[in-house]
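Please examine the sequence and the three-dimensional structure shown here before reading on.

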Amino acid sequence: MLFEVAKTSDIPEGEARRFVVDRIEIAVANLGNGQFLAVDDICSHAEASLSEGEVDTDRETIECPRHGSTFDLRSGKPKTLPATVPIAIFPVKVEGETILIELEDR
Ligand code: FES
């Protein structure tokens, strides 16, 4: 099911923002050139909001603000310790100015 989460202008390039969609906390990152990627907002290591971390638009990663693990925004896999468990990724669709996220029916 597709959910409308934000306008493209809500997320500055090179940053991420947190949105709650269907009670799931999602971090949406703006990689520039109209590319947006969405992952779980909660770090898999402990309680931290990934949308408050730094986005690397070249490596396509987001860094946890708490202990510094970086996660691949396309696969959700941690690239550096201490996190070892992947985070969920969500398919993103951009229609005009609108960012939509696909969530599985539950
Ligand atoms: S809470 Fe994210 S790396 Fe520890």
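Predicted model: local features only at pLDDT ≥ 70, side-chain atom pairs only at ≥ 80, totals over all residues.

Residues are numbered from 1 along each chain as its sequence is written, and side-chain values use heavy atoms, with hydrogens and water left out.

The protein chain contains 0 helices and 10 strands; helices (H or I, at least four residues) and strands (E, at least two) are DSSP runs, numbered from the N terminus. Along the principal axes, the C-alpha atoms occupy a box of roughly 35 × 30 × 20 Å. The radius of gyration of the protein chain is 13 Å, which agrees with the value near 13 Å for a compact globule of 106 residues; the radius is taken over C-alpha atoms, and the globule rule is 2.2 Å times the number of residues to the power 0.38. Of the 106 residues, 43% count as buried, where buried means under 20% relative accessible area, exposed over 50%, and partly exposed in between (1.4 Å probe, protein chains only). Among contacts with a separation of 6 or more, 40% come from residues 24 or more positions apart; contact means heavy atoms within 4.5 Å.

One part of the fold is an open sheet of 3 strands in the order β1-β10-β9, with antiparallel pairing. Its edge strands, β1 (2-7) and β9 (92-95), each pair on one side only. From one strand to the next, the twist averages 30°, with axes fitted as lines to C-alpha atoms (for helices over the stretch in contact) and angles running from 0 to 180 degrees between N-to-C directions. Two strands pair if DSSP finds at least two bridges between them; β1 and β10, which run antiparallel, are joined by 5 bridges. Within this sheet, Ala-6 stands opposite Ile-99 in β10.

Where does Thr-98 lie? Thr-98 belongs to strand β10 (residues 98-102). Thr-98 counts as buried because its relative accessibility is 14%. Leaving aside neighbours within four places in sequence, Thr-98 is in contact with Glu-4, Ala-6, Lys-7 and Lys-93. With Lys-7, the side chain of Thr-98 also forms a polar contact of 3.0 Å; a polar contact is a pair of N or O atoms within 3.5 Å, where, within protein, one must be able to donate a hydrogen and the other to accept it, and residues adjacent in sequence count only if both atoms are side-chain atoms.
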